[in-house]
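This report goes through the chain shown below, from its overall figures to single residues.

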Amino acid sequence: MEVRSQMTSREYLKITPSSTPTHRTGVPATLESLHKLSNAAAASVSNRVNPRVDTAPPTFEFLVVCEGADDPVEFYYRVDQEMHLNTLEKRLISIYPSSFTITRTELDLEDVLSPENETDPTSPPETDPMLDGGEPVASSEANSPDKPGDDSEQRELSPLGIEWVGKTERKEDWMTTITPFEIDEPDEEYDAERPPLSAVVDAIHEMTVPVVYQVLWQRKSDWRDDAEIRRMNLREGRDTWTQEIIGSLFEPVDADPSERELSQETRNRIRRIENKHPRRTFTANVRAVAMGDPEEATGHAELEQLKVALDPLEGPFYELAGRRIREKGYLSRRKEKRAQRHLERVLNAEIVTGGRKTKSDFVFNADELANVTVVPGGEDLTVEGSRGARSEQRSRNPLPRPHPDLMEQFREGMAIGHALNENGIPQSDPVQIPPNLLTTHYGRFASTGAGKSKAIINDALSLRETTGGPVVIVDPKGDGMCANYLRCHYDRFNGLDDVYQFRIPETVPAFSFFDIRPALEAGRNREDAIQDKVDHFHDILRMIMGRDRYEQAFVANEILSYLIKALFDDEYGRDVFGLNDLFTAARQMQQERTIPPVSAANQNVEESLTRHFAKDDRQFQVSMDAVGNRLDKLREDAHLRRIFSHVPEQDDNGEYVGNRFDFREFLDEDATILFDLGDLRPEAQRAITLLLLSNLWDAVQVRRRDGDTGYDNLTNLIIEEAAPVASTKLVSEQLLPQGRSFGLSMGLVMQFPAQVRNRSERAYDEVINNIKTKLIGKISIERDLAESLAHEDLSPTDLRNRISTLPSGEWIAQLPSPSFGETGPSPFSVKPLPIAAGHPESDEPLSVEQEDHFETVALPRLTKRTQAQYGLTEPVTSSTDPDEAGWGSSNNDTRVPSEGEAFETDVRQSSFLGHSPTEMSTTDDQENAVKRKSGEDSQESGPLFGTSGENEAENDQENFPENGSTPVQSSEVAVLNARQRRHRNFDIRFSTGSSALLVGSEIGRFDFSRLVQ
């Protein structure tokens, strides 16, 4: 060809799409940024006036290439000025998903359009066809004895082509828009789910001859002035020559254009001109060329399909009209010349402009240009188009299983599925997680409908068969998973004798939350056990109230912490109490300004509580109302109130009286315990989940055996929808990092780990790093998780692409190494286990007889046994009922006694003489006061504790001496404090001042009988 000497191999950016769809949002803005790129030579004035210097702006090229039937459809980009190639590459990276591959490569279009098997490059017709413009010259193969009569083989391949031109109703309608790429609202002319270029890919994939689809574009100068003149002519009705003549003859000279009523068509034209963005538009050519036999009908039919591929993009005033190069004229010589010229323009990337109502060039803004230049993802293509673009092969192949020697180490324990090879064929033996690896915890992450519930059932059944110890399932969804598990368990183990189900609120477990007796019996330090309870209590409140609201009133949280510690005081407190006891202590602190008695060892507790009495009354009441509102969150839910108020008593022998649920009783039992929380509100679900986890944490610590971690029986815990619970301190700072030391195996099931990150960054890190076995279904995986699974042969991008295309039920597994110091297996694909027999959706559901026995005998017996042994039956009240105690101030405990009456001390006075509440105030009070002024606790104030009003303050003033000091401060005599009165311990203390106790004096007489009352 003549053009061969002008062509060289050029550097292109090759795009290899994946099955991930290309998001339309933001693409036009990225393409528009190319408008700013300029020719460096144009900066010099001398260059601009020198005709020998090319100062034209850069020309961009987009190609869709296919070398023939069954060959892949490939996509390329190029810019003719090398200095801008890096910029173009960066723009493409921002447009396409990370799963798309962008590489630099050399491409020669002549080689693409002249396959070696079709022509003989040594024959004269092949190297220089049609130079004289004559008829096609027969190939040398025409005289071959093997093909004497085959005319199609004797004829040389010639250019066949299509060019798309812009057709307008009016001369300047090129200023209007076609269908936009980023559709904000459904367009009245075109609205399709697939990108426009997908039709081009389909048509090219079906062609049997080499073909190239080409789009060239170059920035166009600013034409805002022309657009404004056009809009003015449209408003004045002078847009056409005819309108100009008629308007000048019949319209009044002084007619106001703004009062003119515009037609719908005129308004539509004006709107489309405004949407064109005339400051940032491009001149574009769209064309295609193929090499085939001009006499064959097949080639023309295939081109006809390609020609109409862009028809849906037409606007009402601006059309994309495709026309075949050889369709006009009668002389074959003229057709051949036109085809050769078209081929040269493609090979030389030449932009052609000109024309009136039919123009060879288009004027596109970036939104329109994206329609014909953006590569669609595999999901946006048809099946044939996706196959042709080779977009799905890489992402949908299973990850190959590890080598057999390594897989043999995973043949006992909890079964998770069957490993797949690269061809998708599963192994006959399932992959199993050994018991020693279960304590490193596992997580299942998959979207809704991926089979998590069915997988949980298989996990629990497998744990019962292969590991000793209890299996605990917490299900907050209430979608029937627990019922289905019971059917499967009934089928596999021939009954439900070793199963317990708490379907709350029908059967409420007899937990005892404010109870440190199990922890103390397990050898825990008392202070650590109490602090655990405080932390767990705040985790529950945080879960119920929401993190933001809970954190607003930190002073109230601090008061609750110290009240709990005071009630657990080693000398004057108890090892167990109920919610009503805590509520009463808080109410008395507000209304009577008393605190629970504490021992000298807890001086810091007393100081931290009594210093609040020195605050301004309003400030104090606001903080205490916030305390009450927090406790009321537990009291207002009947089920939570029953659980938190339950205080199991012990007889003289230390045996518990009545029902009591404690995980310690199950640690060495092969039992399954189900907690079905689906009938509760979300806040109550999470609170009860944390409550039972607190009880479980106390229980497993019984296994503290001088550092011995070799337990015969594991405690296997599975939590569905675990993200909210996993974000708590109880799980992220205790159960996950420390559970292995106590034989605890946790299975956390959620949609994706980022749900935890939304609540706590630290908890998210624990989930990513301390869950060693990860089973991942089809989700949009976040980068951190992808990086934790990636390895040298599998990049995070490839992994994310594979996970996003997983079929429902299939999993990708990452397992830890079964041997210390060795590398674990690379992530591999797993086919799920079959749905367990007995499940209604399985191939082997319960028979009619089995179902009848299950419903009428086994299940009622299970429910009755659970309720009788471990359930709460009647609402429980603690020893101190705040409803019976009444409201208001204390019963004259703080007044100065009159003559003949026993002296009773000011209950606000610290037990440590010489330290008044005022003296205990610290800079923390000042800080908290500033917080109060900013309204920190104001949102928590409410009527729960009654009015914190002025009457109470007045009573306080009347009960003190005029100098404002407390009785102890004024008299410096012995004091009976609150804890002595409450516990009847009359340890009378004397001050070291000058005054002594006067026998028989009014101030020294004590009526002990009244104090006992």
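## Model and confidence

The structure is a predicted model. Mean pLDDT for the protein chain is 77, with 76% of its residues at 70 or more. Over residues 185–191 the pLDDT is below 50, and in the model this stretch has 14 contacts beyond near neighbours in sequence.

Where pLDDT is low, the predicted coordinates should not be read in detail.

## Overall make-up

The protein chain has 1013 residues, and 54% of them count as buried. Its secondary structure consists of 41 helices and 25 strands. Of the contacts between residues at least 6 apart in sequence, 78% join residues at least 24 apart.

The accessible surface of the protein chain is about 45700 Å². Carbon and sulfur atoms account for 44% of that surface.

Eleven strands form an open sheet with mixed pairing, in the order 12-11-24-23-22-13-21-20-14-19-15. At its edges are strand 12 (431–433) and strand 15 (499–503), each of which pairs on one side only. From one strand to the next, the twist averages 25°. Strand 12 pairs with strand 11 (residues 414–419) in the antiparallel sense, over three bridges. Within this pair, methionine 414 has isoleucine 433 of strand 12 as its bridge partner.

Strand 13 (residues 442–445) runs parallel to strand 21 and is joined to it by four bridges. Strand 13 is also parallel to strand 22 (residues 773–776), again with four bridges. Tyrosine 442 stands opposite glycine 747 in strand 21 and opposite threonine 773 in strand 22. Both faces of strand 13 are covered: Tyr442 and Arg444 are buried on one side, Gly443 and Phe445 on the other.

The largest nonpolar core contains 110 residues. Phe537, Leu582, Phe663, Phe675 and Leu693 have the most contacts inside this core. Helix 28 (residues 682–700) gives the most to the core, with eleven residues. Apart from this core lies another, of 66 residues, which includes Val73, Leu234, Val286 and Val372. In soluble globular proteins, nonpolar side chains tend to be buried together.

Helix 28 lies across four strands: strand 14 (471–475), strand 19 (672–676), strand 20 (715–719) and strand 21 (744–750). Its direction is at about 165° to that of strand 20. Leucine 582 touches Phe514, Phe537, Leu560, Leu563, Ile564, Leu567, Phe577 and Leu631, leaving out residues up to four places away in sequence.

## Valine 53

Valine 53 sits in the loop between helix 2 (45–49) and strand 2 (59–66). Is valine 53 buried, partly exposed or exposed? Valine 53 counts as partly exposed because its relative accessible area is 27%, a value between the cut-offs of 20% for buried and 50% for exposed.

Beyond four places in sequence, valine 53 is in contact with Ala41 and Asn47. Alanine 41 is twelve residues from valine 53 along the chain, and their C-alpha atoms are 7.7 Å apart.

Terms used. Residues numbered from 1 in each chain as written. Predicted model: local features only at pLDDT ≥ 70, side-chain atom pairs only at ≥ 80, totals over all residues. Heavy atoms only, no water. Core = buried A, V, L, I, M, F, W, Y, C linked by side-chain atoms within 4.5 Å. Buried < 20%, exposed > 50% of the residue type's maximum accessible area, 1.4 Å probe, protein only. Helix = DSSP H or I, 4+ residues; strand = E, 2+ residues; numbered from the N terminus. Contact = heavy atoms within 4.5 Å. pLDDT = per-residue confidence, 0-100. Areas by Shrake-Rupley, 256 points an atom, 1.4 Å probe, with all protein chains shown as cover. Pairing = 2+ DSSP bridges. Axes fitted to C-alpha atoms, helices over the stretch in contact; angles between N-to-C directions.
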